[in-house]
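Here is a short briefing to read alongside a protein chain. Keep the viewer open and look up each residue as you go.

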Amino acid sequence: MFSAGTESLLLQAREIQDEELKKFCSRITGLLQKEDLGNETLDCLQRLFLIVSATKYSRKLEKKFVELLLSALYCPKSPEQVQVLCAAIVREISPSENLTLVYDHTQNTKLGNKKDEARDVGLRVTKILEGRQPEGQSLRYLLPVLSKVITLSPKVLKEDQINFLNKRLVDWLRYASIQQGVAQTSGGFFSNPWARQPGPITEVDGAVATDFFTVLSVGQHYTEDQWLNMQAFSMLRKWLLYSGNDGTDSPDSADDKSELEGSIMSMVSATSTSSRLLPPKERLRENAFEYCQRLIEQSNRRALKKQDCELQKACLVEAVIILDLLCRQDSSFIYRTLSCLKILHGRLCGDLAYVRALLPVAQFFLNHSEAAAVDSEAVYQHLFTNIPSELFHNSVLAFEFVQFCRENIHFFNGNLSIFKLNFPNLFKFLAWNSASLISEFVDILPVFIDATTAVEMLHAILDLPCLTAALDLYLRSLSPTSEKPPWDPTLKPTGCLDGFRNRHYQALFQSLLRTKARGVIERLAPLHHLLKPMASCSRVVQCADTVPILIQLFFTVVTEFADGTLINQLVVLLLERSDLLFDVPHFKAAVHRVMSSQLLVLCKLHPSLVVELSKELLEFTGTISNIYSKENIFTNVVWAIGEYLSVLYDRRCTVELINKFFEALEALLFEITQFRPSATLPKCCPRVITVLMTTLTKLASRSQDLIPRVFLFLSKVRSFAESPAVTSVYNEEDTETILTRATELMNLLKMPSVAQFVLTPSVEVSDPRYHLDTNTSLPLALRMVSQLVEKESGLLGRGTDVTRCTLGDSDLEP
């Protein structure tokens, strides 16, 4: 982390011209050629690193100078700080034609990132920190190295070294100077001695700092201990995780349970004891707590510069995260932190600029509200209700918000009903940022789904592209350049934005943009018509691409707990919504494919739905347009009727019901297989025709009075398939498919009892062993029927092995 004063140094580094840089490099060249690797060289290399790293474009350094840097890097006599700076400069200018690294020279140095070398580097850094530094030497370059070392090699430090570093961090965090550093000048006749006098450190609002120095303190020039203060805070969270477990356990685990469950008396005594009397680890925690408290106070000040305002936000987030960590490691901090964060939450709720800090605040209450016996519902209520509605378009916040939900799934799944109730609001993040958030939503979507939310959830998933379009209109309506014109209720809207503002459509959009689960949207057709101009927008199309994935996931989850009632509701929903989909390119076809496959899954789970939803299924199959607009769904519905409309699956299945379905499907098949010279030949898919024939045959085998009608009808279908008009439209393979299926079914109906046995097998006969074991009854019966039919092949004209229509599920299933 850097303070605001650093900005002036960066600006100076960026403004240095190539000629000035060349002269400066010449000065460093002289020092390196003399092998002068002392403080002056170190200072010059630090300045050069700042110059080459401060600009977006790559600085050009002469080849001879780069070779000198590499020589200093490879030289075993070079101090480690010189090697680190040379390596950093080389990294900033790479790739470059003047730069060639030789592996033989670098493989034995101490600069590698291998874990076995990290231990040596860590021990060396610790030794340097423990010793007294020569005049002019700086320690601040070693803290990032130490941070990297404890990441690569968690067990590198011993207990005494950890205690020592705890003490040093306390000194750097708490006792940095509150006076500015002395500005470095080149001297000369015109030097102003007053300009070199150090002034006081100020706050971000310009007031003179009266408390200890922090990363949010502002100055023109910083002292060495102030730089160490800023770097110590930057690595504080990682160090607390490391030292809190003595470097031996996983950094995510907290202290032992007994410490977390300390009594209120021990908490009071801990806060009243002077921090100087505490052990090093507890003393660091105490000072870290005070440091974070001061940062929270400083974040409430009105910054004079925009850069300081952004730094305030970042520091506030980090401070709250560290406070949460301290409370997890030591329960005595919970009650001291609770009141502070309650006040902070109240302040943040009124300022959307600090909204990202609400997430760690909410995380704190998730972790500790139960231990502190406080009701934190207001925190979650504001978080899940207001934030997604107002800031769904903030992509960074959206990612962090969804990550927050994913990391706390274990808690939300059992304890926080508000999480499920607000899923329509959270869907706004997905609708607007679908490409970047789909994988995260795949993880959290199962938590939303239960028996109470399943129906509305499926509607919400299907309406996601509409939600994306509505959110786009919502943002446009907030634009100050677009005025709201007076509306005449009798006039129809001429554009999407006009429609969004029209009072006639407000109820539709309010339902679509709802924040909580409260039911499904009605009158979707007018909404789709209104939003039609936006159907081809890239963001809408991108969102529509994610819907099939989410539907598949939805049914994977819901089929694990759904009962018959819920399954019936979902099947009705699928049939109704198959027509009511936003007209995004390729969207309907993709959704229909998923719907059709899941319809079979639901029927298999609850076969009785064919009887219970007979009215809806008859209405669906009775609409001939469904064949052409949703072929996959229609075919699977017809197959399900033939498969499950049987007394074997539901005792309520009557002959009257079978006859009713039979007549409806017979009329439908008659309609699509009729050819009149004056009419256009229907180009129905052969797959639909074969499934309809098979289903009619199955129903006739269960109500044998219908067998003559089916037999006669199948012979007409054969004539239809062989007519010249049909063969001119269908290819040879399609025609052969229809003829083969019709012949197979006619052969089977020659023996009604066998047809019933084959087309409506009992549960035992449906077992796979009846299709594999040649000694069982089903293959034996099929061979017998085949032999009998072959004797009459001359009369039938097309003798076919009956086994082809029953042995493989692919022949009977759609």
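Confidence in this predicted model is highest in helix 32 (residues 609-612), with a mean of 96, and lowest in helix 12 (residues 257-260), with a mean of 37. Across the chain the pLDDT averages 80, and 79% of the residues score at least 70.

**Where to be careful**
- Residues 482-492 have a pLDDT below 50, and beyond near neighbours in sequence this stretch has 12 contacts in the model.
- For residues 794-812 the pLDDT stays under 50, and the model has 41 contacts beyond four places in sequence there.
- Where pLDDT is low, the predicted coordinates should not be read in detail.

**Salt bridges**
- The count of salt bridges comes to 25.
- Lys22 pairs with Glu62, their closest N and O atoms lying 3.6 Å apart. Lys22 sits in helix 2, while Glu62 sits in the loop between helix 3 and helix 4, 40 residues apart.
- Arg514 and Glu456 meet at 2.9 Å, N to O. This pair ties together parts that are 58 residues apart in sequence, because Arg514 lies in the loop between helix 27 and helix 28 and Glu456 in helix 24. Both Arg514 and Glu456 are buried.
- Arg709 and Glu666 form a salt bridge with closest N and O atoms 2.5 Å apart. Arg709 is partly exposed at 34% relative accessible area, whereas Glu666 is buried at 16%.
- Glu203, Asp205, Arg294, Glu297 and Arg301 are linked in a network of salt bridges.

**A buried glutamine**
- Gln83, in helix 5 (residues 80-93), has a relative accessible area of 9%, so Gln83 counts as buried.
- A polar atom of the Gln83 side chain lies 3.1 Å from the backbone oxygen of Leu73.

Notes:
Residues are numbered from 1 along each chain as its sequence is written. Side-chain values use heavy atoms; hydrogens and water are left out. Helices (H or I, at least four residues) and strands (E, at least two) are DSSP runs, numbered from the N terminus. Buried means under 20% relative accessible area, exposed over 50%, partly exposed in between (1.4 Å probe, protein chains only). A polar contact is a pair of N or O atoms within 3.5 Å; within protein, one must be able to donate a hydrogen and the other to accept it, and residues adjacent in sequence count only if both atoms are side-chain atoms. pLDDT is the predictor's confidence in each residue, from 0 to 100. Contact means heavy atoms within 4.5 Å. A salt bridge is a side-chain nitrogen of Lys or Arg within 4 Å of a carboxyl oxygen of Asp or Glu.
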